[in-house]
Every structure is written in C-alpha cells, then in structure tokens.
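Let's take a walk through this model, one region at a time. Have the viewer open and follow along.

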Amino acid sequence: MADDVGQVEERAMVAIHYTARGAAPLTGAVSQSLTRATFAALNAPSVQETQPWRWRIDRDRLALYADRGRRLADADPDGRQLLISCGAALHHARVALAAEGVGVDVWRFPDPADPALLAELRCTGPIERLPRAGALHRAIAVRRSDRRPFAGVPVPEEQLALLEEAAGPGSYSLSGHDPESHAAYVVITAPDAGPGGWVAAGEAMSAVLLAATAAGLVSSPVDDLTPLAGPEPRTGAPSPAAAVRVGVAGRVGVTGGAGVAGGAGVAGGAGVAPVQGRRPAVSA
C-alpha cells in the first residue's frame, strides 16, 4: 500500500546527514552531486514505499545505511526486503553519479563493526558521461511500477536477453509463464543468502527496472516469488531473491510506446507520471 505525500515527505526529512561542518562541504561541486544522487534514490522501489535507508555525506564520500527502524516486522521478519530496497537505492545513486560524470569506487559493508553501514561511495574523479548512463538516469525520473494489462504481444527475446545482462550473473528470464498477460519475468538469484546477497539483488533489480524503462517496456517488482521458484528452468540454481515482471505497454492488442533513451516519455502512456515533491532535507 502506497503512503500519502505527507508520509513520504516526513520520511524524506531525515534522509541525509552531513558530517563535515561549514559552508564549503555543503556547496562544493562533488557534495552537490552526491546530494543529487540521494534525490535520485528517492525514486527507487522499496517495500511498501518505506524507503528504509539513510545517507551520510562527508565531503567526497556518500555512505548508505539501513534504517532498520522502518522494517515491517510482520511482512519482512528477516529484513530481506529492507536490504533489497536499500540495494535498489544504491544502484539509483550510482546511475545518477555516472550520468553526471562523477566516478566512484563502491565499498560494500566497509565496517564489520557497523552492520547498518551497507556501502560507501568514494569519489575518484571525473569520468566520461556515456549515453547509456544518461538514458538510465532519465529512466529514473519516469519509471513507475505498472501493473496494468500489457499489450497482446510477448516481450522480444532480444530485449529479454538485454534485461538478463543488466541483472548480472545468475539471473534468468521466464517467458510464457503467464500466457494470458504476455508477461515475462526476469528472475534474480543471490548465491549469498545473506545481507550482501540481498543488497546485490536489489541493485540487480534496479538495473532491470531502469533498463526496461529505457527500452520502452513497462515493469514492476514481483512481490510473491513462490510461483517463480522450483527446479525449472535452472536445475540446482539458487532460489530467487527478487524478480521483475516485464511487458509491452498498452491494452490488449495495442503495442507499446517509445522509451526514454532519446528523451521521450515512459512507455505506458498517460497516468504514469513522476511523483512531485519528494525531496530529502539536509541537516548539517
């Protein structure tokens, strides 16, 4: 269930903390880029829109923390969905920085004494702004989970292959699993069934969602992975950690629209508009 705007804004008010004092750290170009990356992460999918993460900016470093106070005890007893959500936020931030030409090294779980610290992004200097990074960055602003009926055509195999590539090793796709809706599924596995694997699964899920949007497809995270588990199609493969439902936009019998790689709107047409007013506050 989605929260109302007031609840989203209340959560955003505590999203970012700066550890360095003084005006310079808050106004420097790198710090501004890091701040914009946290804004982009607000668009990442999260379990029941809880956005269970916090950011800390220290000059040229951006740290991601799990906010376990936002864990849904009944729906997410082991915290898996919380960490997958944090992984999606991490990937969104990385995409935003790449689109701005800011290079980073990502240190995952850099402090064994602080398990809430999931990752630290350390700026390494300017990098080339690649068109693909720009396309994925634009996809962040327009991507929305879309569970409306798909067009009556399957997702092309070549696009499924690209989504599998975006998901990374261990992923696979299922087509024909839901023949009435012509949906396809990109299934993400986590060989490490623990916090590291769950964060990585969230990053992979984000990569698939943004790649699908950039390709002109509509998509949504899958809540119930049970129907996608089992010995087929990968005998002995790890159990699914996350999955994305993908389809061609439009009513039955209508093909999908343009993607965002060239700056066009999100596939799916009217009614899928960016959410306004989601801005994290900054505390010094």
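Isoleucine 188 sits opposite alanine 242, a residue of β9. Strand β7 (residues 183–189) and strand β9 (residues 240–248) run antiparallel, joined by six bridges. Helices here are DSSP runs of H or I with at least four residues, strands are runs of E with at least two, and both are numbered from the N terminus. Two strands count as paired if DSSP finds at least two bridges between them. Before going on, note that this is a predicted model, where local features need pLDDT of at least 70 and side-chain atom pairs count only at pLDDT 80 or more, while totals for chains, interfaces and linings use all residues. Residues are numbered from 1 along each chain as its sequence is written, and side-chain values use heavy atoms, with hydrogens and water left out.

Next up is helix α7, residues 195–214. Its 20 residues should span 28 Å at 1.5 Å a residue, and the end C-alpha atoms are 29 Å apart, which agrees; the expected span is 1.5 Å times one less than the number of residues. Most of α7 is covered, with 17 of its 20 residues buried (buried means under 20% relative accessible area, exposed over 50%, partly exposed in between, with a 1.4 Å probe and protein chains only). Just after α7, glycine 216 has a positive phi of about 85°.

What about the packing? The largest nonpolar core has 56 residues, and Trp55, Leu163, Ile188, Met205 and Val246 have the most contacts inside it. Such a core is a set of buried Ala, Val, Leu, Ile, Met, Phe, Trp, Tyr and Cys residues joined through side-chain atoms within 4.5 Å. A second, separate core has twelve residues, among them Phe150, Ala183, Leu225 and Leu228.

Most residues other than glycine have a negative phi. Arginine 59, in the loop between β2 (53–58) and β3 (61–66), has a positive phi near 55°. Phenylalanine 109 is in the loop between β4 (102–108) and β5 (117–126), with a positive phi of about 50°.
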